[in-house]
Number of protein chains: 2
Amino acid sequence: MTYCLAIKVEEGLVFASDSRTNAGLDNIGSYTKMFTYNIGDRAFVILTAGNLATSQAVYHQIEKDLESNDSEINLNLCQDIEAVADYIGKISIEQQSKNHDPTETIDQSISLLGSHFIVGGQIKGQDPNLVMVYPEGNFIYVADETPFIQIGETKYGKPILDRMIFPHTPLGDSARAALLSFDSTMKSDLTVGPPIDFVVFKKDQINLNFQDQLKLDSPFFKELSSIWAEQLDSAIHALPKFNWEE
Amino acid sequence: MTYCLAIKVEEGLVFASDSRTNAGLDNIGSYTKMFTYNIGDRAFVILTAGNLATSQAVYHQIEKDLESNDSEINLNLCQDIEAVADYIGKISIEQQSKNHDPTETIDQSISLLGSHFIVGGQIKGQDPNLVMVYPEGNFIYVADETPFIQIGETKYGKPILDRMIFPHTPLGDSARAALLSFDSTMKSDLTVGPPIDFVVFKKDQINLNFQDQLKLDSPFFKELSSIWAEQLDSAIHALPKFNWEE
C-alpha cells in the first residue's frame, strides 16, 4: 500500500509520500513515489499510488521526454498545471494499454494496472495549483474548502487533516499536520512505511528548497512524533469526566 | 456504513455504535445496531455491522428464543461468552442461508448477506470477555495487547485507539477515547452518523447502568468534542518549528 498527500494553502503547497511498496506483507520493498522537477520558470511535484509498474513507466517516460530533443510535449513545454495533468494522464493510459489484456473490460484492466497521480506546483506568473489525475487519464482540482488531496491508504490520516487544513492554515502548521497524518497512518497500517519524502513549496518562490527525506529516527520527525503523543495524552486528560467516575 | 467499537480493559468494557444505515447516500436511515441484555447473573452487549436484514433477523431470533419456553438455546442458557458467540454465529448462518442464491458461491453469498457481530459482557463468577463473530459463524477473541475490536468503517477512528487503548487504560479514559474515535469518524465519513449508542460496563458489576444514547448536541458529547478540538489546536502549536519558518 501507499500513502501520498498534497495540501494547497494560501501560503503554498505541501507534498508527502511514503516509500513502502509491497506485493504481500512478506515481500516489502522501498521505492520513492515522488517525482520532483525544478528548472527555470517552473517547479512541479508528482506523487503516485497504484500499480507500481505503471507508475514507474510514467516517471520513466517523463524523463525520456525531457531528455529527447524532438518531444512534442514534456514538462518544460506544458503551459500550465492542467497541461501537465493532461500529459501525465495520456502517458498513464498509454502505459496501461501496453499491458491491457483484450479479454478484459477497461474497468478490470484499470483496476489491475491503473495508478493515481497528484500533480502540483507553480509556473512563474501563474498561481500554484494542485490536481489529481485518475487512472482513466482525466483529472480534478483540489477542493477550495478542504484543500488537500490524498491517494492510496487515505483513511487513517484523514481526521487530522479534516480538523486542521483550511485555505488560511499557515504553511508551517500545514506541513506539521501532513507529518502527523503520516505518523497516524504508519502507526495503524504496516503497509505504509518510512522514509517519508517531503516537500514544502512557498508560493511564488519557484524552487523546491525545503525538500527532505524523513526517516522514523530523523531528529525532527522523532521529536514531532513524541511531542504529539505527549500532547494527545494530556489533551485526553483535559476532557470532561463522566458522572459515574469517582 | 456502520461503525461499532468495543474495548476491554482491566476495569471493564466499553461499547459504542452509530445508528446510520444507508442504501446509498440519498437514502439514509437510523437504526440502532446495539442489542443489550441484562437479566440475573449476566449482562451482554451485542453490536453488528454488515447486511442490515441479516443483523435484524439475528436480533429478532435472539428475542424469539428468549421468549419461547422450549428453546434449546438462548442467551440465558449459554454457559459462557464463547457459547453466546457460537449461538449468534449459528443464527447468523441460518438467516443468511434462507436467502442464499444457489447459483452463487458461499463467498459471494457471504459478501452480500453476511454480518459481523461483536459480543461482550460478563456472567457472574467468570471474567468479562469480548469476541468478534465472523459472517462465517466462527469467532475470535479480542487481542491482549490491543484490546479493542472494531467493525464496519474502522479506519478513521483507529489511530486514536492505537495510541490510547492498552489493558491498563482506566475505564473513563477508554470511554472518552471511544467517543473521540466516533467523533473523528463522523467528521470524516458522512455514512457514520449519530446518535451513538454507548454502554460502559464495570467489571464484576453485572449491570448496564451506564448506558446512554448520545446525540451530536448532547451536552456531554458537545463539550467533549469542542474541548478536544481546542486541545488538538493547542497541541499542534506545541510542536517543533521547521528551520525554514521565521
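Trainee: How much area do chain B and chain A bury between them?

Mentor: The size of an interface is often given as the accessible area lost when the parts come together. In this predicted model, chain B and chain A bury about 4200 Å² between them, and 67% of that lies on carbon and sulfur atoms. On the chain B side, B:R163, B:R176 and B:W244 lose the most area to chain A, together 18% of what that side buries. The contact draws 43 residues from chain B and 44 residues from chain A.

Trainee: How many salt bridges are there between chain B and chain A?

Mentor: The count is six salt bridges. One of them joins the side chains of B:D183 and A:R163, at 3.1 Å from N to O. There are also 18 residue pairs in polar contact between chain B and chain A, both residues being at pLDDT 80 or more.

Trainee: Which element gives the largest share of the side of chain B that touches chain A?

Mentor: That share, 12 residues, comes from α5(B). By class, this side of chain B has 23 nonpolar, six polar and 14 charged residues.

Trainee: Turning to the sheet, in what order do the five strands of chain B run?

Mentor: Strands of a sheet pair through backbone hydrogen bonds, either parallel or antiparallel. Here the order is β5-β6-β7-β8-β9 in chain B, an open sheet with antiparallel pairing. Its edge strands are β5 (34-39) and β9 (139-141) of chain B, each pairing on one side only. The twist averages 20° from one strand to the next.

Trainee: Which residue of β9(B) stands opposite B:V133?

Mentor: B:F139 does. Strands β8 (residues 129-133) and β9 of chain B pair over three bridges.

Notes:
Residues numbered from 1 in each chain as written. Chains lettered and ligands numbered in written order. Predicted model: local features only at pLDDT ≥ 70, side-chain atom pairs only at ≥ 80, totals over all residues. Heavy atoms only, no water. Contact = heavy atoms within 4.5 Å. Buried area = accessible area lost by both parts, 1.4 Å probe. Salt bridge = Lys/Arg side-chain N within 4 Å of Asp/Glu carboxyl O. Polar contact = N/O pair within 3.5 Å; in protein donor to acceptor, adjacent residues only side chain to side chain. Helix = DSSP H or I, 4+ residues; strand = E, 2+ residues; numbered from the N terminus. Nonpolar A, V, L, I, M, F, W, Y, C, P; charged D, E, K, R; others polar. Pairing = 2+ DSSP bridges. Axes fitted to C-alpha atoms, helices over the stretch in contact; angles between N-to-C directions.
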